[in-house]
Amino acid sequence: MVIKKEKIGVALIGVRGYGAIMAAKIKESGSYDLRWCFHHDQKVAAEAAAQYGAKGTSEVRDIWDDQRVTAVFIVVPNHLHFSFIKQALQAGKHVFVEKPMTETLKEADQIGELLKASKSVFMVGHNYRRKSGFRKMKSMLAEGKLGFPVSFEMINSHGGAFNFSPQALRSRI
């Protein structure tokens, strides 16, 4: 017997940068029906939608009102996370948001309260935790090979460090 798995209707909030990578992975998975691409600029939303076979919108209400959308992927600048998460949960959508969840503890607590009253699934993505370098550091820490660190700092620029102008702050770090 063959069981036909119905695709999950989703929307992508944020279509540039990591949003474009996420869109490609959503389509590649075969598990999702990408119904909407949102960007505050309708032209950008329409271009992304055409590329991924979805509808484009600059009105997020279109997504909240679409009953065929059960989940959203929020991949926008960090300062916008809280607003979109809150709206999605209030609309009864499941939520995946790329880290960080919010910018403040107060916002995170508010999301926690919304989730208590919700039936939505909520996930914060940590896209680097499976990278080999991070896993190696974790194992070295667990094995005691790095002693007992009291502080750790890391700059991860996605290759961009080589593209900054000499005047950029990151060039001087």
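What share of the protein's contacts with a separation of 6 or more comes from residues 24 or more positions apart? In this predicted model, the figure is 53%. The chain folds into 6 helices and 6 strands, and reading from the N terminus you get β-α-β-α-β-α-β-α-β-α-β-α.

**The sheet**
- The 6 strands make an open sheet, ordered β3-β2-β1-β4-β5-β6, and the pairing is parallel.
- β3 (55-57) and β6 (122-125) sit at the edges with a single partner strand each, so one side of each has no neighbour in the sheet.
- Going from one strand to the next, the twist averages 20°.
- Strands in a sheet pair through backbone hydrogen bonds, in either a parallel or an antiparallel way.

**A look at the β5-β6 pair**
- Strand β5 covers residues 94-98 and runs parallel to β6, with 4 bridges joining the two.
- Within this pair, V95 stands opposite F122 of β6.

**Helices on the sheet**

**Burial and surface**
- The protein has 173 residues, and 32% of them count as buried.

Note on methods:
Residues are numbered from 1 along each chain as its sequence is written. This is a predicted model: local features need pLDDT of at least 70, side-chain atom pairs count only at pLDDT 80 or more; totals for chains, interfaces and linings use all residues. Side-chain values use heavy atoms; hydrogens and water are left out. Two strands pair if DSSP finds at least two bridges between them. Axes are lines fitted to C-alpha atoms, for helices over the stretch in contact, and angles run from 0 to 180 degrees between N-to-C directions. Buried means under 20% relative accessible area, exposed over 50%, partly exposed in between (1.4 Å probe, protein chains only). Contact means heavy atoms within 4.5 Å.
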